[in-house]
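My notes follow in the order I made them.

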Amino acid sequence: MKKLQYNSPVILTLFFASLAALGLGMLTKGWTTLHLFSVYRSSMADPLFYVRLFGHVLGHSGWQHFINNMLLLLVVGPALEEKYGSGRLLGCILATALISGVLQCLFFPGAALLGASGIVFMLILLASAANMENGRIPLTLILVAVLYLGGQVYDIVFVKDNVANFMHIVGGLCGTGFGFVLAPRRR
């Protein structure tokens with residue numbers, strides 16, 4: 001009999017932590033989702049403000065939001081974790097969470113942000129940049145960036161919903177930037 005393998009520790013831990021955050025949110029009737037797993041402008045003297053800067057990527061508004069993010073996370077993430085290593089990928093995830101959290105507080109002070117979609121879009125663009133080498137930019141990266149960014153800009157202009165399209169763009173830009181930074185270079 002074959003054993004189960006915890007093959008992608010960062011991605012699987014993010015998945016299970018998000019699942020736990022969703023469960024806690026349901027048990028507390030949204031209290032933990034609002035106070036721990038959503039980011040919004042609040043006093044920097046509040047210690048939970050710093051928890052929320054990172055914890056917002058674990059929060060989800062419901063099962064559908066969770067499933068939409070986690071399916072993509074589980075499809076794209078493990079290959080990137082194998083390619084770049086757990087430590088580097090965790091660094092990319094934490095940096096994207098912090099950047100999107102800070103930008104949310106600066107530019108959208110009256111709104112809360114939650115969910116892993118910024119992380120997912122960072123992973124998508126990072127995956128598209130995965131074949132970058134020696135300053136050569138893969139055409140797949142350009143195509144994904146144009147289609148993705150174009151779709152997000154369209155949604156910002158023409159679709160009025162509660163989707164944080166700006167933070168999707170931020171996640172995508174983070175993934176592209178990390179792709180350039182992590183690309184192998186010949187000596």
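This is a predicted model: local features need pLDDT of at least 70, side-chain atom pairs count only at pLDDT 80 or more; totals for chains, interfaces and linings use all residues.

**Ser 18 and ground rules**

I began with Ser 18, which is buried, at a relative accessible area of 0%. For burial I use under 20% relative accessible area as buried, over 50% as exposed and partly exposed in between, with a 1.4 Å probe and protein chains only. Residues are numbered from 1 along each chain as its sequence is written, and side-chain values use heavy atoms, with hydrogens and water left out.

Ser 18 lies in helix 1. Helices here are DSSP runs (H or I, at least four residues), numbered from the N terminus. I looked up the side chain of Ser 18 and found one of its polar atoms 2.9 Å from the backbone oxygen of Leu 14. With neighbours within four places in sequence left aside, Ser 18 is in contact with Val 57, Leu 58, His 60, Phe 66 and Met 70. Contact means heavy atoms within 4.5 Å.

**Loops**

Next I went to Gly 59, in the loop between helix 3 and helix 4. Gly 59 is buried, with a relative accessible area of 1%. Gly 115 is 56 residues away from Gly 59 in sequence, yet their C-alpha atoms are 5.0 Å apart. Not counting residues up to four places away in sequence, Gly 59 touches Phe 37, His 65, Leu 114, Gly 115 and Ala 116.

Tyr 40 sits in the loop between helix 2 (31-35) and helix 3. Tyr 40 counts as buried at 17% relative accessibility. Its side chain reaches the backbone oxygen of Leu 34 at 3.2 Å. Tyr 40 and Pro 109 are 69 residues apart in sequence and 6.4 Å apart, C-alpha to C-alpha. Beyond four places in sequence, I see Tyr 40 in contact with residues including Phe 49, Arg 52, Cys 105 and Ala 112.

Lys 29 is in the loop between helix 1 and helix 2. I checked its phi, which is positive at about 55° although Lys 29 is not a glycine. Most residues other than glycine have a negative phi. Lys 29 counts as exposed, at 78% relative accessibility.

**Helix 8 and its partners**

How do helix 5 (residues 86-107) and helix 8 (residues 165-182) pack? I get an angle of about 145°, with the axes 10 Å apart. Axes are lines fitted to C-alpha atoms, for helices over the stretch in contact, and angles run from 0 to 180 degrees between N-to-C directions. The contact of helix 5 with helix 8 divides into eleven nonpolar, four polar and one charged residue. In that count Ala, Val, Leu, Ile, Met, Phe, Trp, Tyr, Cys and Pro are nonpolar, Asp, Glu, Lys and Arg are charged, and the others, Gly among them, are polar.

Ala 95 is found in helix 5, and counts as partly exposed at 24% relative accessibility.

Helix 6 and helix 8 pack at about 40°, with axes 7 Å apart. By class, this contact has eight nonpolar, eight polar and no charged residues. Ser 117, in helix 6, is buried at a relative accessible area of 14%. Ser 117 touches Asn 69 and His 168, not counting residues up to four places away in sequence.

**Core**

Last, the largest nonpolar core: a set of buried Ala, Val, Leu, Ile, Met, Phe, Trp, Tyr and Cys residues joined through side-chain atoms within 4.5 Å. It has 37 residues, of which Leu 73, Ile 93, Ile 119, Met 122, Leu 123 and Leu 126 touch the most other members. Helix 1 (9-27), helix 3 (47-55), helix 4 (63-84), helix 5, helix 6 (117-128) and helix 8 each give two or more residues to this core. Another core, of eight residues, lies apart from it and has Phe 121, Met 132, Ala 145 and Ala 183 among its members.

How values were computed. A polar contact is a pair of N or O atoms within 3.5 Å; within protein, one must be able to donate a hydrogen and the other to accept it, and residues adjacent in sequence count only if both atoms are side-chain atoms.
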